Amino acid sequence: MSHPLDDGALGQLFREARTHSAWLDRPVSDDVLRHLYDLTKWGPTSINCVPARILFLRTREAKDRLRPTLSPGNVEKTMKAPVTAIIAYDEIFYEKLRKLFPQNPGIRDLFATSPELAETTAFRNGTLQGGYFILAARSLGLDCGPMSGFDNEAVDREFFPGGGQIKSNFICAIGYGDPAGLFERLPRPDINEVCSFV
């Protein structure tokens with residue numbers, strides 16, 4: 001049976017967690033990145049389609065390839081982060097459905113014959129997985145700096161060549177954030193501003 005997380009865990013995931021743009025000089029190991037994916041993969045997706053594809057940029061050379069695609073305000077924080085992840089999605093995720101959703105062997109054809117449905121499903125569920133990725137990172141004591149200020153098409157040409165099967169969604173700097181670089185916390189809407197009960 002599931003139990004509510006304690007207040008400290010909720011704070012780490014939500015209340016005290018911040019978007020970071022300054023980083024401590026502390027590496028993130030490949031083992032931590034593997035653990036991060038192993039948590040992320042368990043988040044629910046439609047028909048277990050799991051379309052997210054994650055490219056971890058760990059070296060200066062890899063991040064230098066990303067640099068020209070970034071908006072000017074995102075360059076420094078991306079280059080200084082120990083790791084920058086490109087969160088992408090696979091438009092032909094359905095080729096793996098025979099393995100991932102074996103209870104319906106014909107489901108692959110539904111997406112293969114409808115590119116619009118495949119794109120919508122891949123983007124929506126890949127975005128969900130991006131949210132799980134951030135929460136999984138925070139649960140491991142990492143900080144995140146997700147951002148969308150970059151040229152998607154340029155990123156795709158550079159990192160996912162070969163016909164556009166994999167498309168970038170957003171990028172996320174990962175590491176151990178430097179609290180000295182935090183901005184003042186911005187407000188969030190109250191429940192009565194955004195929620196309704198019927």
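View 1. Tyr37, Lys41, Trp42, Gly43, Pro44, Thr45, Asn48, Val50 and Leu100 line the second largest pocket, where a pocket is, on a 1 Å grid over the protein atoms alone, an open set of points where a 1.4 Å probe fits, with protein on both sides within 12 Å along at least five of seven lines, and lining residues have an atom within 4 Å of a point. The model is predicted, so that local features need pLDDT of at least 70 and side-chain atom pairs count only at pLDDT 80 or more, while totals for chains, interfaces and linings use all residues. Residues are numbered from 1 along each chain as its sequence is written, and side-chain values use heavy atoms, with hydrogens and water left out. The volume of the second largest pocket is about 160 Å³, counted as the space filled by probe spheres set on the points. Its lining divides into five nonpolar, three polar and one charged residues (Ala, Val, Leu, Ile, Met, Phe, Trp, Tyr, Cys and Pro count as nonpolar, Asp, Glu, Lys and Arg as charged, and the others, Gly among them, as polar).

**View 2. The largest pocket and its lining.** The largest pocket holds about 260 Å³ of space, and the residues that line it are Ala17, Arg18, Thr19, His20, Ser21, Lys77, Arg138, Phe183, Glu184, Arg185, Leu186 and Arg188. By class, six of these lining residues are charged, three are polar and three are nonpolar.

**View 3. The crossing of helix H2 with helix H7.** The axes of H2 (residues 30-40) and H7 (residues 115-139) come within 8 Å and cross at roughly 130°, the helices being DSSP runs (H or I, at least four residues) numbered from the N terminus, and the axes being lines fitted to C-alpha atoms over the stretch in contact, with angles from 0 to 180 degrees between N-to-C directions. H2 is therefore oblique to H7, as angles under 35 degrees count as roughly parallel, over 145 as roughly antiparallel, 65 to 115 as roughly perpendicular and the rest as oblique. Leu36, Leu39 and Thr40 in H2 meet Gln129, Tyr132, Phe133, Ala136, Ala137 and Ser139 in H7, contact meaning heavy atoms within 4.5 Å. The residues of this contact comprise six nonpolar, three polar and no charged.

**View 4. The crossing of helix H1 with helix H7.** H1 (residues 7-15) and H7 have axes that come within 9 Å and cross at roughly 135°, which makes H1 oblique to H7. Gln12, Leu13 and Phe14 of H1 make the contact with Leu135, Arg138 and Ser139 of H7.

Notes:
Helix = DSSP H or I, 4+ residues; strand = E, 2+ residues; numbered from the N terminus.
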